[in-house]
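Have the structure open while you read.

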Amino acid sequence: MKFFVDTADVAEIKDLAASGLLDGVTTNPSLIMKAGRPMLEVIKEICAIVPGPVSAETVATDHKTMLEEGRKLAKLAKNVAVKVPLTPDGLKTCKALRAEGNMVNVTLCFSAGQALLAAKADASFISPFVGRIDDNGHDGMALIAEIMTIYRQYPHFKTEVLVASIRHTQHIIQAAKLGAHVVTAPPGALRGLFKHVLTDNGLKAFLDDWKKTGQSIL
Ligand code: G3P
């Protein structure tokens, strides 16, 4: 399973990349707003830190302008994955950008039917938003299970399921159990994977005993 981080915060990305657990990055217009920096500059910087796919989202809603935006974003670096919304214009743009050799992440997916359309449009990634589905009283992970079942029926589908809108560490574990190809999680949810009280307690006990030996390794 690949781990992407869902942020445009360069300091966070550098820190996570240093631990070797980062396979890519996703951003969106809200995350760019939060970062408070010019989008094109931030995306270029992130692409130089993480060699894997870095999603940069278009903001036009019509195919022609979206395609122009997508081409401009794709030119920023080889590892840009252009993000387009799951609309008819978005999927037209997806198809065109893929034909030109670019990676495309189709975002704002909330149903299995939409995921099927994205695979037909040759998306590199489909991003179902599990947290927002949960927030609305439904079961986000049930959608991931449904999409995985459908995609497995058609081995020629090359689209990877990128579980997005992750709210907590358990979402990551659940997505892994379902065999999702990628999760994109906020930094806190990824860091949550490290945490276990028995690791902390065990380390403390070992270090306390070590101190009692009076030895040093270096
Ligand atoms: O980047 C897309 C997605 O991960 C957004 O998540 O937390 O805004 O629902 P969220």
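The notes below cover the ligand first, then a proline.

This is a predicted model, so local features need pLDDT of at least 70, side-chain atom pairs count only at pLDDT 80 or more, and totals for chains, interfaces and linings use all residues. Residues are numbered from 1 along each chain as its sequence is written, and side-chain values use heavy atoms, with hydrogens and water left out.

**Around the ligand**
- Asp6, Asn28, Lys83, Phe129, Arg132, Ala164, Ser165 and Arg167 surround the ligand, counting residues with a heavy atom within 4 Å of it.
- That shell splits into 2 nonpolar, 2 polar and 4 charged residues.

**Polar contacts (pairs of N or O atoms within 3.5 Å)**
- Ser165 puts a polar side-chain atom 2.7 Å from a ligand oxygen.
- For Arg167, a polar side-chain atom lies 2.8 Å from an oxygen atom of the ligand.
- Asn28 has a polar side-chain atom 3.0 Å from a ligand oxygen.
- On its own the ligand exposes 310 Å², and the protein buries 82% of that (Shrake-Rupley areas, 1.4 Å probe).

**Pro53**
- You'll find Pro53 in the loop between α3 (39-49) and β3 (54-57); helices are DSSP runs of H or I with at least four residues, strands are E runs of at least two, and both are numbered from the N terminus.
- Pro53 counts as buried because its relative accessibility is 16%, and buried means under 20% (1.4 Å probe, protein chains only).

How values were computed. Polar contact = N/O pair within 3.5 Å; in protein donor to acceptor, adjacent residues only side chain to side chain. Nonpolar A, V, L, I, M, F, W, Y, C, P; charged D, E, K, R; others polar. Buried < 20%, exposed > 50% of the residue type's maximum accessible area, 1.4 Å probe, protein only.
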